[in-house]
2 protein chains.
Amino acid sequence: MAYNIIDELINNLTKLPGIGRKTAQRLSFFILNMSDDEAKKLAAAIINLKEKARFCSVCFNIADKDPCDICSDPSRNKGKICVVEEPSNILAIERTKTFKGLYHVLLGALSPSDGITPERLKIQELLQRIKSGGIEEVILATNPNTKGEITARYIKDILKEYDIKITRIAYGLPIGSDIEFADEVTLTKSLEGRRDM
Amino acid sequence: MAYNIIDELINNLTKLPGIGRKTAQRLSFFILNMSDDEAKKLAAAIINLKEKARFCSVCFNIADKDPCDICSDPSRNKGKICVVEEPSNILAIERTKTFKGLYHVLLGALSPSDGITPERLKIQELLQRIKSGGIEEVILATNPNTKGEITARYIKDILKEYDIKITRIAYGLPIGSDIEFADEVTLTKSLEGRRDM
């Protein structure tokens, strides 16, 4: 009852992962003391993301345009496709500034025990892109864990009839980890050390 | 350039204290997957706080009403005033559910070397409330550190001519710490063990 507007923001912030009550309180008082402009930008970024986010119909990245900025960037190398599990993986790879090709997001990884079969992933869509021609290399950058490995091998198998180079990112990444949280250097080494599959 | 709308939220979130790039990314993707309703509530809570937050003209708490919900709550004991440094301290004390009186926020603590003299704090306003009568006890709940201690002693001195009980919260709190981050049990013990000053 008392202290409504601060509590309201605190309660909303505690719904976010890893934000406990005290962190939410600290953030709320920080936001209270932010400039109006900064606070409005933060709120607008939340609304904007929720309202405009959609999947790119080419690569299934999250973007506010279709095709996304990466797919429609004329300076990117259209002969290379880096296949990832999730849109967030693209952010991690883009931060390395190493890869100048295109992406393809599978929106998951194979996991038959969880009912994640090939049809549930954007594998057919990847195949269509390859059939359209012009692709020289597919870099399989699924996570270096069991599901990601199974997914990479599955895609490698279905692509073997096409005359394209198929590579897998190098195991510079610790096995069992997640690409999303790799540091830039490890991820760069992993991309540079990619090998034929 | 690429990946605008996610990056926009990530960049805005990294301006918050203790939120690094990876945490901001994790939060952004979480917000992306939140229900529209939840995300809108979060954004609205930020805007609402910035637009409606003001100081209560009685106690200088932050609220969206004037007087604030605590000052205008008929069930609170109007004979007791708990004096704190900052609005955030009220939140911490309210969480203990121990104190049913009113508050007075000084909006700082005395620190002559930083130019924080008594006129810069809401001490005159406290005096006015006491002169208006009906106050039996003033609980000095400034922080248990040097500035808070000096502030408590200063207020005790200017109030000694009035026939009211002046107490100081007990040192259940570790010296040098901040009320805002005390746990509920310590803070409750500290309130219960308050002594005459």
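Guide: Let us begin with Lys97(B), which counts as exposed because its relative accessibility is 65%; exposed means over 50% relative accessible area, buried means under 20%, and partly exposed lies in between, with a 1.4 Å probe and protein chains only. Before going on, please note that this is a predicted model, in which local features need a pLDDT of at least 70, side-chain atom pairs count only at pLDDT 80 or more, and totals for chains, interfaces and linings use all residues. Residues are numbered from 1 along each chain as its sequence is written, chains are lettered from A and ligands numbered from 1 in the order in which they are written, and side-chain values use heavy atoms, with hydrogens and water left out.

Lys97(B) lies in the loop that runs between α4 (87-95) and β4 (101-105) of chain B, where helices (H or I, at least four residues) and strands (E, at least two) are DSSP runs numbered from the N terminus. Most residues other than glycine have a negative phi, and most peptide bonds are trans.

In chain A, Lys97(A) is found in the loop between α4 (87-95) and β4 (101-105), with a positive phi near 55°, and Lys97(A) counts as exposed because its relative accessibility is 65%.

Asp66(B) and Pro67(B) are joined by a cis peptide bond with omega near 0°, and Pro67(B) is found in the loop between β2 (62-63) and β3 (77-84) of chain B. In chain A, the bond between Asp66(A) and Pro67(A) is cis, with omega about -5°, and Pro67(A) belongs to the loop between β2 (62-63) and β3 (77-84) of that chain.

As for confidence, chain A averages a pLDDT of 88, and 91% of its residues score at least 70, where pLDDT is the predictor's confidence in each residue, from 0 to 100. For the complex, the predictor gives an ipTM of 0.72 and a pTM of 0.72.
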